[in-house]
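Please read the points below with the sequence and the model open side by side. They go from the whole chain down to single residues.

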Amino acid sequence: MTLLGDAAHLMPPLGVGVNLALLDACELALSTAHHDTVDEAIHAYEKTMLPRSTEMAQLLDGAADELLSTELPDFATADNH
Ligand SMILES: Cc1cc2nc3c(=O)[nH]c(=O)nc-3n(C[C@H](O)[C@H](O)[C@H](O)COP(=O)(O)OP(=O)(O)OC[C@H]3O[C@@H](n4cnc5c(N)ncnc54)[C@H](O)[C@@H]3O)c2cc1C
């Protein structure tokens, strides 16, 4: 058993989830085609997927704060040119 897509990448919806899901799926499919056993294929896939998952989670940590904020931007002082 292994994880891919949202199940492997815990993060807010900031526009990268589908790309990660497709990349995971492609890498898992290629790994399955290039290894003799499912165990070897999953191990090889996870060697790249797990560091990518950690890196993306760290990169997007706190990035959804604005989406969830209850404070409105100050339109009165915004530059409207
Ligand atoms: C509001 C919102 C906006 C987003 N905008 C973007 C965007 O602009 N760009 C972007 O890249 N990503 C975006 N995402 C994220 C993107 O939708 C996900 O990252 C992506 O769909 C993950 O694909 P997935 O196949 O891993 O999961 P999912 O697409 O969630 O697919 C999982 C599937 O499994 C099914 N399922 C669940 N439980 C079971 C079960 N027990 N048995 C059988 N089937 C089951 C579900 O019904 C679902 O069809 C957004 C997400 C949200 C919520």
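1. This is a predicted model, in which local features need pLDDT of at least 70 and side-chain atom pairs count only at pLDDT 80 or more, while totals for chains, interfaces and linings use all residues. Residues are numbered from 1 along each chain as its sequence is written, and side-chain values use heavy atoms, with hydrogens and water left out.

2. The secondary structure of the protein chain consists of three helices and zero strands, where helices (H or I, at least four residues) and strands (E, at least two) are DSSP runs numbered from the N terminus. The radius of gyration, taken over C-alpha atoms, is 18 Å, well over the 12 Å that the globule rule (2.2 Å times the number of residues to the power 0.38) gives for 81 residues, so the chain is more spread out than a compact globule. Along the principal axes, the C-alpha atoms fill a box of roughly 65 × 20 × 15 Å.

3. Of the 81 residues, 21% count as buried, a class defined by under 20% relative accessible area, with exposed meaning over 50% and partly exposed lying in between (1.4 Å probe, protein chains only). Among contacts (heavy atoms within 4.5 Å) between residues at least 6 apart in sequence, 63% join residues at least 24 apart.

4. Helix H2, residues 38-59, has 22 residues and reaches 31 Å from its first C-alpha to its last, close to the 32 Å expected at 1.5 Å a residue, the expected span being 1.5 Å times one less than the number of residues.

5. Which residues of H2 are buried? They are Ala41, Ile42, Tyr45, Met49, Arg52, Ser53 and Met56, and they pack against helix H1 (17-34). An α-helix has 3.6 residues a turn, so residues three or four places apart point the same way.

6. Arg52, which lies in H2, deserves a separate look. Arg52 is buried, with a relative accessible area of 13%, and its side chain makes a polar contact with the side chain of Asp24 at 2.7 Å; such a contact is a pair of N or O atoms within 3.5 Å, and within protein one must be able to donate a hydrogen and the other to accept it, residues adjacent in sequence counting only if both atoms are side-chain atoms. Leaving aside residues up to four places away in sequence, Arg52 touches Leu20, Leu23, Asp24 and Glu27.

7. Ala21, found in helix H1, counts as partly exposed at 26% relative accessibility. The C-alpha atoms of Ala21 and His9 are separated by 8.7 Å, the two residues being twelve apart along the chain.
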